[in-house]
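User: I would like to go through the ligand site in this model, and then look at some backbone geometry. Could you take me through it?

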Amino acid sequence: MSLYNVGIIGAGPAGVFAALSVCDFYNAQITVFDWQEPLKTLLPTGGGRCNFSYFETDIRTFAGYYPRGSKFLLSVLSRFNMNDTVDYFENIGIKSYVQNDNRIFPISDSAKVTSEILLKRAKLLGINFKKERVNHIYHNGENFVVSTQNDDYEFKKLILATGGKNFKLARKLGHKIITPTFTLAPLEIKETQYYNLSGLSLKDVWVKVFFENKKLLNISGDMLFTRNSISGPVIFKISSICAYEDYSDKNPLELKINIAKQSIQYLENYVEEFKTNNAKTAIKNAFGDFCPKNLLDLILKDNNIEPLKQIAQMTKKEKEIILKNLTEFTLHITSKVIGTGIVTAGGVDTNEINAATMESKIVPNLYFAGEMINVDGFTGGFNLQNCWSTARVAAMNLFEEK
Ligand SMILES: Cc1cc2nc3c(=O)[nH]c(=O)nc-3n(C[C@H](O)[C@H](O)[C@H](O)COP(=O)(O)OP(=O)(O)OC[C@H]3O[C@@H](n4cnc5c(N)ncnc54)[C@H](O)[C@@H]3O)c2cc1C
């Protein structure tokens, strides 16, 4: 095999995996540029445990976990998917396990150990890392010229993997960037009276999301109150699906949360039966199966319902208010919490990338990988899988005959 010359911009998961993958297909000379340490961005993933993929063998279902780019990714996943990733990792010494929520982690439970193994392999393969920021890229008619603060470097093929915060290079090369916005973030709530519920978690609640009187979503999962905001898997999903909704203090998203996870009718029957058998029980102690105590206390306070009143004395109106709150507890979302999102929605327009090769449709010999593409997934390992899959497909097609 002849020697090929490949430049990769960005040493995050996508850039490093692209570099390793190029070596599986070609006898290439690879240079990876990043002003940060390689794989620094892998270290905080999965709370330091590196949730690197999600166990789902059906690629259509898998692609459905990406609010943006699912169709594009379907083609990518048909070439390199979760199974391929797990096998690849295992082959280089990263054994993994599937957690009971289907998230996949390395057996070491350590992003640091995972990154060390990947970088050890990169060293073994002779991949060259340059700790330099790329300021400018142009094509001199024969090669790409990559210009850093130190020097200019020439490459036949270039893979851009600059992540979700740096689109300047792609834009300058002529690519359309879909407006980036951060996602997978906690959401700020308008109802200040619930701020002191911080730390309270609600298990597997059912949530309906409305915007401008239109129902957007029906979704379920765990949530958590955190000071002036709410968080947790179901909230992250909402922040992701509603990434481009223009909600604000004046025009908030409305969440109606079924805390009890029961229908109104079921709760009506429950109350009637409970009243018969426990007439003297205080209202505040009658709904323990359906609502955490401190939340019920606040609901009662908010609605001027006497918590110590016996359940038998509860008026029809009071019952209606309580049951409505248990099944449609309403919160208004004014914004995402600034500076908290863990992934970027938006990025290089997928219409300008060939999904079978990851090559630019605008600039020949330029390829893309990772979060900089307008593809983003829910929490669960989907965003790293996007990195592994797009990087692998870019690498395997670099020198294919056209
Ligand atoms: C706290 C946190 C936890 C997360 N946990 C998970 C998880 O458990 N599972 C999951 O699937 N996803 C997780 N993610 C998301 C995941 O980490 C990202 O999707 C992933 O890192 C994207 O990889 P990337 O290589 O495309 O981009 P990045 O990781 O952002 O890497 C891009 C690199 O390019 C470099 N770069 C940019 N511009 C230039 C330039 N001009 N010159 C040189 N270098 C440049 C940057 O310095 C950076 O190192 C998490 C994210 C965060 C923030």
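This is a predicted model: local features need pLDDT of at least 70, side-chain atom pairs count only at pLDDT 80 or more; totals for chains, interfaces and linings use all residues.

User: Which N or O atoms lie close to ligand oxygens?

Analyst: The side chain of glutamate 371 places an N or O atom 2.6 Å from an oxygen atom of the ligand. A polar backbone atom of leucine 384 is 2.7 Å from a ligand oxygen, and a backbone N or O atom of alanine 14 lies 2.9 Å from one.

User: How much of the ligand's accessible area does the protein cover?

Analyst: The protein covers 86% of the 1,000 Å² that the ligand has on its own.

User: Turning to the backbone, what is phi at leucine 39?

Analyst: Phi of leucine 39 is near 65°, a positive value in a residue other than glycine. Leucine 39 sits in the loop between strand E2 (28–33) and strand E3 (53–54).

User: Is leucine 39 buried or exposed?

Analyst: Its relative accessibility is 1%, so leucine 39 counts as buried.

User: What about methionine 358?

Analyst: Methionine 358 has a positive phi near 70° and belongs to the loop between strand E18 (343–348) and strand E19 (366–368). With a relative accessible area of 0%, methionine 358 is buried.

Terms used:
Residues are numbered from 1 along each chain as its sequence is written. Side-chain values use heavy atoms; hydrogens and water are left out. A polar contact is a pair of N or O atoms within 3.5 Å; within protein, one must be able to donate a hydrogen and the other to accept it, and residues adjacent in sequence count only if both atoms are side-chain atoms. Accessible areas come from the Shrake-Rupley method with a 1.4 Å probe; for residues, only the protein chains shown count as cover. Helices (H or I, at least four residues) and strands (E, at least two) are DSSP runs, numbered from the N terminus. Buried means under 20% relative accessible area, exposed over 50%, partly exposed in between (1.4 Å probe, protein chains only).
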